[in-house]
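Please keep the model in view while reading.

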Amino acid sequence: MKVSRNELIELLKLAFEGLGFDQGDYENAAKLVTYAEMWGLGGLEVLARALVGPSLRQHQPVQVLQEDHHSAVIDGQDLSSLLCLRSAADLAYVKCLSSPVGKVMITRCQHRLLVFQLLISLGLRWVACSASWWAGPEDDFLHVLNVFPGERNPLPEYSIYRVKGEKVKGDKVKGNKIGLTSTRQLDIYSAQSSQAMSAYLLELLPPSADLIKTLNSGDMLANYETSLVDGIGVDDALWSKLVSLAAEMLVPSSDQSRSGAGD
Amino acid sequence: MIRMNSQAAPGPATAELLDGLDINADLRPAAEVMDLNRLGSLQPFRHSFMRILVRQMVRDQWQVRCNQFELDDRGYGFAVYTIEAKAEIYSFVVFAAFLQDENRNDRVIAEQWDLTMALLRGPVKDNQLQRLREAVPLQEAARMTKDMLVLSRANRSKRMFDYVVDSLASGVQPEINRFKEVGYLCRTTAVYGSGKFGMADWGAVQHQCQSFAGPFAAEMFCCFMLRHFSVEQAQHIARCKAPTTAVNLDSDIRRYVGIGNATGLGMAPFLIKHPQLIARWLLVREVAIARVVKMGEVTPDRLLELQAMMKKVIQHTRETTVEDAKQAERNSQVIVDLENLTELLRGNPALEDWQWLKKRLPEQYCQDTIEIVYSLLIELYPDLVDFMENDLGVEENLQLRPEIALDELKQTIETDYNWSLAIDFNQPERQHVFWYRSEEKMEPRLGERYREAGADKELPVQIAMAVKACYERVCSHLIRYPNSDVIHFLLEHSDQTSIVKRIQTMSQLVYGDIQANLADQQMQPIHLLRAKLSFFGVSKFDPKSRLWVRNTMFQGAPLLNELDSDRHLDEWYFPLAPEG
């Protein structure tokens with residue numbers, strides 16, 4: 001079925017509220033999923049997976065493990081990005097105000113693709129930013145999301161690289177700074193200068209990385225516009241699931257409650 | 001190209017609107033403008049959406065033609081209209097069905113209606129019409145499509161519809177006095193847009209529909225078309241009843257026929273969910289007032305014109321029938337005030353500029369009168385205010401400023417939200433009610449916190465309470481970390497992210513949040529409804545309880561066949577019944 005952006009965001013908000021998210025989290029999470037879908041990143045598919053596991057049902061606070069003036073490490077507690085990223089992108093923004101490139105690493109973070117709209121939010125503040133993570137059965141695929149400020153809109157791009165033989169799970173990648181200090185780590189970088197960010201990203205990429213998939217700004221913007229105008233395709237079963245979660249937040253009707261809106 | 005986060009047409013920067021004005025000296029303060037009681041006295045004005053729409057239709061010479069009018073002798077069937085709005089084509093489709101009197105219900109929870117309708121982009125093809133015929137009468141129970149902008153429904157007025165049909169059938173015009181009591185034949189009970197039920201998203205409407213890019217323009221137009229159809233339907237039934245004697249409604253009476261509207265609590269959460277948009281609407285109205293007061297030259301002609309306008313409002317108010325005792329009392333006070341003010345203005349040598357009047361208004365007159373006088377002053381000087389006609393939209397994006405010192409956030413709350421800090425939420429009556437969504441069509445309702453179930457599913461509209469709770473946590477955090485900043489506060493208190501964003505964003509605006517405790521026992525939700533309805537441009541505000549209200553739309557507005565001239569373009573504010 002096709003739904004509008006507004007309709008999807010409103011249902012997701014209610015569904016996440018039904019799952020126990022607090023207001024800041026359910027508003028944020030609804031946008032992260034919706035926009036990841038609209039930009040062509042498959043946000044709804046990620047959500048469908050997330051709904052199966054426990055990562056959306058746990059609500060412990062994230063913990064800042066270490067922090068200095070240009071970087072921080074946050075323990076994501078095996079929660080979904082929808083919950084554990086909370087202030088991570090904003091923290092990355094603050095870090096880039098006092099250093100050329102700010103860096104925030106979130107360990108034990110699920111559904112990392114959903115970080116995307118947080119980067120767009122930074123782009124709307126005229127900050128260049130990037131997020132990267134390792135995935136795949138052997139953790140040999142490097143996913144990189146970049147967002148640079150544009151004249152009218154932020155310009156995003158998404159690339160997946162295959163990296164062979166140069167890294168050992170749980171270690172740093174040889175000869176560069178993209179580190180794997182834990183499983184399911186997400187790194188967020190931000191910079192006030194696009195040039196500084198570009199130079200930093202070039203330095204980060206492993207030399208043997210093979211680009212196997214990319215979505216450039218044009219592709220992503222086209223996906224976004226098509227979704228906005230034509231509607232967003234949602235699997236019927238997922239929609240039903242969301243409707244039933246949202247129903248948790250509706251109050252049963254009674255004669256007394258009916259009088260609470262009318263005569 | 002689509003803008004990414006836009007939810008409303010972008011207006012100019014606030015600085016441009018404020019050009020030539022001193023915020024502190026010329027604009028009324030937020031504490032006055034955003035006070036809920038004051039918002040409950042707002043009046044329609046020149047930049048209300050219906051007024052803007054009518055000017056746009058005339059300026060752009062919209063053409064509307066009826067392609068199909070397939071009603072049976074009792075008026076049941078359907079009609080299809082095509083609208084040419086500059087280079088854009090739209091369709092208005094309306095379905096009329098039999099409805100038992102006992103099933104006629106203004107509430108959102110109703111399941112059947114006399115009329116159901118939709119506004120669509122592009123012409124309607126035959127196969128599409130068949131789908132619409134199945135879906136539109138079901139309203140929320142059906143899925144709509146991306147080409148639909150607005151979905152709505154309406155019921156006949158029990159008091160007026162049959163009376164008008166019978167009058168016309170017998171060859172006589174209906175009594176105009178009857179229209180003073182009820183100024184419409186049909187009444188809308190819901191008007192949906194903004195992507196609900198699979199319809200076009202607001203972002204898509206802005207992108208694709210220049211004619212409806214202003215806030216609620218498409219919704220207002222749907223009601224305008226309903227007004228036209230309601231009379232066409234009544235005339236059709238009269239002709240079928242008595243082909244030899246039936247007459248059409250006299251055009252002066254027809255112009256006085258508006259469309260009724262019943263609005264309930266569903267409208268209220270919108271004002272809380274869209275604080276930047278509401279603050280913009282208020283800013284436009286207040287800037288218009290300030291410009292007129294500061295720059296409008298007082299001449300004998302203008303003074304006479306204002307007195308004539310006040311006379312018109314007095315007459316309009318006398319022609320307004322309401323059952324609610326409080327509203328009737330308010331209307332009576334308006335009449336007394338305006339008669340008094342008319343005398344005061346007559347040949348008063350002290351009246352050299354409008355500042356003189358602005359100073360005296362709050363000293364001597366009720367809030368309704370003050371807002372009416374300001375609406376009239378705006379009307380006097382279109383050249384000073386009409387440039388803001390397209391500025392009622394705004395890009396909504398609550399923006400966090402995480403780098404700000406936490407102490408600065410504390411000071412912001414103390415300065416801009418002192419009204420919320422002053423509320424003692426430990427008193428039960430300050431938390432007496434809660435807002436929630438019912439499982440019946442998700443209808444927003446009010447419950448009594450200490451008596452009814454559901455407070456655990458409360459809607460987040462209690463901004464005052466949230467701000468105060470946030471403030472207490474900020475203070476506590478600052479005791480432990482005096483040099484902390486917003487981001488480190490939020491890392492520890494992530495549940496405060498939403499309210500901090502709101503505080504930081506709204507404190508940047510001239511007019512911030514609505515200043516009210518929406519949980520208070522004495523809170524009047526109807527004030528919220530009235531504030532929004534005034535920007536729609538409705539008249540004949542007729543409260544049926546503190547929770548819902550009837551009103552009239554487009555009464556006195558030009559008819560469809562009058563859009564080719566500006567004869568009735570801007571004279572229909574506070575409309576009067578035709579004489580005779």
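## Overall build of chain B

In this predicted model, chain B has a radius of gyration of 25 Å. A compact globule of 580 residues would have one near 25 Å, so chain B agrees with that expectation. Along the principal axes, the C-alpha atoms of chain B fill a box of roughly 85 × 65 × 50 Å.

Chain B holds 24 helices and 11 strands. Of its 580 residues, 49% count as buried. Among contacts in chain B with a separation of 6 or more, 77% link residues 24 or more positions apart.

## Helices H13 and H17

Two packed helices are described by the angle between their axes and the distance between the axes. In chain B, the axes of H13 (residues 275-295) and H17 (residues 367-380) come within 9 Å. They cross at roughly 65 degrees, so H13(B) and H17(B) are roughly perpendicular to each other. The crossing is left-handed.

Ala288(B), Ile289(B) and Val292(B) come from H13(B). They meet Tyr374(B), Leu377(B), Ile378(B) and Leu380(B) in H17(B). This contact has 7 nonpolar residues, with no polar and no charged ones.

## The side facing chain A

How many residues of chain B are in contact with chain A? There are 50, and they touch 41 residues of chain A. Elements of chain B giving two or more residues to this side are helices H9 (202-208), H22 (486-492) and H23 (497-506), plus strands E8 (433-437) and E9 (444-448). H9(B) gives the largest share, 5 residues.

By class, the side of chain B that touches chain A has 20 nonpolar, 15 polar and 15 charged residues.

Technical notes: Residues are numbered from 1 along each chain as its sequence is written. Chains are lettered from A and ligands numbered from 1 in the order in which they are written. This is a predicted model: local features need pLDDT of at least 70, side-chain atom pairs count only at pLDDT 80 or more; totals for chains, interfaces and linings use all residues. Two residues are in contact if their C-beta atoms, placed from the backbone, lie within 7 Å. Helices (H or I, at least four residues) and strands (E, at least two) are DSSP runs, numbered from the N terminus. Ala, Val, Leu, Ile, Met, Phe, Trp, Tyr, Cys and Pro count as nonpolar, Asp, Glu, Lys and Arg as charged, and the others, Gly among them, as polar. The radius of gyration is taken over C-alpha atoms; the globule rule is 2.2 Å times the number of residues to the power 0.38. A residue is buried if 20 or more other C-beta atoms lie within 10 Å of its own, exposed if 12 or fewer, and partly exposed in between; C-beta atoms are placed from the backbone. Axes are lines fitted to C-alpha atoms, for helices over the stretch in contact, and angles run from 0 to 180 degrees between N-to-C directions. Angles under 35 degrees count as roughly parallel, over 145 as roughly antiparallel, 65 to 115 as roughly perpendicular and the rest as oblique. A crossing is left-handed if the near helix is turned anticlockwise from the far one by less than a right angle, and right-handed if clockwise.
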